[in-house]
Amino acid sequence: MNDTSPPKRTHYLNAQHTVGSWLFTLDHKRIGLLYLATILLFFLLGGIAAMLFRVELMTPDPTYMESETYNRLFTMHGITMIFFFLIPSIPAVLGNFLLPLMLGTKDLAFPRLNLASWYVFTFGGLLGLGSIIFGGVDTGWTFYTPYSSTYANSNVILAALGIFIAGFGSIMTGINFIVTIHKMRAPGLTWFRLPLFIWAHYATSIIIVLGTPVIAITILLVAIERLFQIGIFDPALGGDPVLFQHLFWFYSHPAVYIMILPGMGVISEIIACFSRKRIFGYKVVALSSLAIAILGFFVWGHHMFVSSQSMYAGMIFSILSFLVAIPSAIKVFNWTATLYGGAIKLDTPMLYALGFIGLFTVGGLTGLFLASMAINVHVHDTYFVVAHFHYVMVGGMVMAFFGGLHFWWPKMTGRHFSELFGRIGAVTIFIGFNLTFFPQFIVGYLGMPRRYHVYPEEFQFLQVMSTGGSAVLALGYLVMAGYLLHSLVLGKKASSNPWRAVGLEWTTPSPPPTENFTTEPYVDYEAYDYTREEVYRDDADEVKGA
Amino acid sequence: MAADQHSPHLAHHFDSMEQQQESSSLGMWLFLAQEVMFFGGLFVAYAVYRFKYPEAFAVASSHLSLGWGAFNTVVLICSSLTMALAVRAGQLGDKRGIIRYLLATIFLASVFLGVKGVEYTEKYNDGLMPGPAFEYTPDFDRYTVPVTAETAPPNFVGNVQLFFSFYFVMTGLHALHMVIGIGLMIWLIVKALRDRFSKEYFTPIEMTGLYWHFVDIVWIFLFPLVYLVWRH
């Protein structure tokens, strides 16, 4: 396309330049970018921890580190990735940036609360970081009692407080989203005209608001128990460590859906755009998000099949866990049905979306193995579980996060990334990911427990393969970091609607003005209506046409 | 930023005062839902142990001062009344009323916290503070609860300590919420003194009111749960 160098336009990025204008901004778009920078830092830290212990796992015997160090590294990986990267990833970055744009409003309902959420989250993150700097935590991200509350010889209190505080950031974001979706939709934008991204975030916010306080009190109890040496979960006083597990998983299982539903929202947007079709069964896909959110609260016991839970409770939890597969499968089937007969274009975001569908399906189906009580006993706490949740969390949510980041990158930054390197990166990540985690299904099925770095020699081949894969995966992320950073400075200027996508966010210039829209949007059409002429409108055309 | 040509209380991203007011209300109710889950986790944990160790919990509960607990319940209910009157004064645009009733609420809240302090001190002096300093010798002859040295479960003293752990954590978190509430009311008084409220705009008073009633309700559950366990 010709660079016709349009006159300089004021947008949210160049409206003000001072550091203070970023640190005290009330603009949801800038806050989204603050979150982006913060969580990518945690992603890097968590990734480095993973690479370090993957190197150790190349040999069956301890080589570079002792068990102590190994325990601290995998705990650091788990805590940073889950609490400080995955949970805020899509909601706090893309959700923050896009929610008001998709709803056709100027900002979230509570801009100051939004900024406060970033500070609270960052403060919690710093405490978590502090716990690492002062020697780390060795309990695993699950903080199981009584080890964490009584015996662990590490910075449990600091890490627990970090998670406790960061949780409030999540809750603030969740409340903000629900209120904004209820009260601030543009005229004509009815519930069933909302993009599925919004539905997914609505469902996610419900889980955040109802679930996070429970982990907050649980983890606070652990910290109080350690700090004042009182017994809450201490068996010596008749306390029940399994009660901790109930309370912990009451949040942490729904948290899995906090970590996947927003990803599903992103995938719906990308699939529709790159197949040029309305999402098949829009309403059912929308409602399936809510179904996942609700059912997700009643399945926590499947983490505890072997923790002295009664057999009957186990059976109920097993059946309920199977039920979650229904709305999840509805989504996968409807995405594939959308692809069917669509005019498919394999641009970078679409590669991530297709990767998501495949990997999430593997992750979801192996979840059914784990929800069956008998198989669960065999593979409980093995690498099979590790592989399963990485297929959902990394193969699902991380793929969706980067897919979404690429999809809306031109909107957020006003620049295009290199499409060629984008595709190379996406394929490298896909290959690296499978190479890393598929062998772990086998190694786990053969009986290797998670969280050990000393293992029988026959597992070495698969472990080395996994480490090799993680190097490829890391390379893919580095390539991505390279071309995305490059695009910030030298990328081609983006027009308002480079993908020719439907959605209010594409009707405003890239990057959007501080007030989001120059004229107040009015919606009199359904979501993903790719038959509409206006969809294909882009401000680059107008420049050329004029 | 865009200049405000409408009511000075209307934030630029809202279209109308109604929209702004409804958003605040919904946000506050969601926050309270979140609070319910927060205390809910605590109540569930308490209920599990209460069900598991009924005798020890009943005995431990009998060491709490029923008189102070009942007195505090009355104090807190009165503070909810004064809070409701403060909101009413807000609706009427009655600045002096707002300040008067908020001060009354703060006074009642302070009385509550003072009594709580007295109770905590008593427990501390009796060696009932959970942790390494916990000291308790069962005196089975004195109990009104049907439990004897023979029928008592093996870890009776440990279970009693468990009760006091919950007593302090639950009432402590409740007290912390009250302290936050007092802080909010001081902020409201400062705003009222600066004439920030009017008949059209008193949302912060209303929201603080909701919060205060919630804190009150938590106590309404706490009181029977921890004080009345041993009376059937």
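Colleague: In what order do the elements of chain B run from the N terminus on?
Modeller: They run α-α-α-α-α-α. That comes to six helices and zero strands. Keep in mind that this is a predicted model.

Colleague: What does the C-alpha trace of chain B span along its principal axes?
Modeller: About 80 × 30 × 30 Å.

Colleague: Switching to the contact. How many residues come from chain A and how many from chain B?
Modeller: Chain A puts in 34 residues and chain B 29.

Colleague: Which helix gives the most on the chain A side?
Modeller: H7(A), with 10 residues. Helices H6 (156-183), H7 (196-228) and H8 (241-258) of chain A each supply at least two residues there. By type, the chain A side has 22 nonpolar, seven polar and five charged residues.

Colleague: Which residues have the most contacts inside the largest nonpolar core?
Modeller: A:Ala160 and A:Ile219, in a core of 229 residues. Leaving out residues up to four places away in sequence, A:Ile219 touches A:Phe143, A:Ala160, A:Ile163 and A:Phe164.

Colleague: Last one, A:Asn14. Buried or exposed?
Modeller: Exposed, because A:Asn14 has 12 C-beta neighbours inside 10 Å, and 12 or fewer counts as exposed. A:Asn14 sits in the segment before helix H1 (19-23) of chain A.

Definitions and conventions: Residues are numbered from 1 along each chain as its sequence is written. Chains are lettered from A and ligands numbered from 1 in the order in which they are written. This is a predicted model: local features need pLDDT of at least 70, side-chain atom pairs count only at pLDDT 80 or more; totals for chains, interfaces and linings use all residues. Helices (H or I, at least four residues) and strands (E, at least two) are DSSP runs, numbered from the N terminus. A residue is buried if 20 or more other C-beta atoms lie within 10 Å of its own, exposed if 12 or fewer, and partly exposed in between; C-beta atoms are placed from the backbone. Two residues are in contact if their C-beta atoms, placed from the backbone, lie within 7 Å. Ala, Val, Leu, Ile, Met, Phe, Trp, Tyr, Cys and Pro count as nonpolar, Asp, Glu, Lys and Arg as charged, and the others, Gly among them, as polar. A nonpolar core is a set of buried Ala, Val, Leu, Ile, Met, Phe, Trp, Tyr and Cys residues joined through C-beta atoms within 7 Å.
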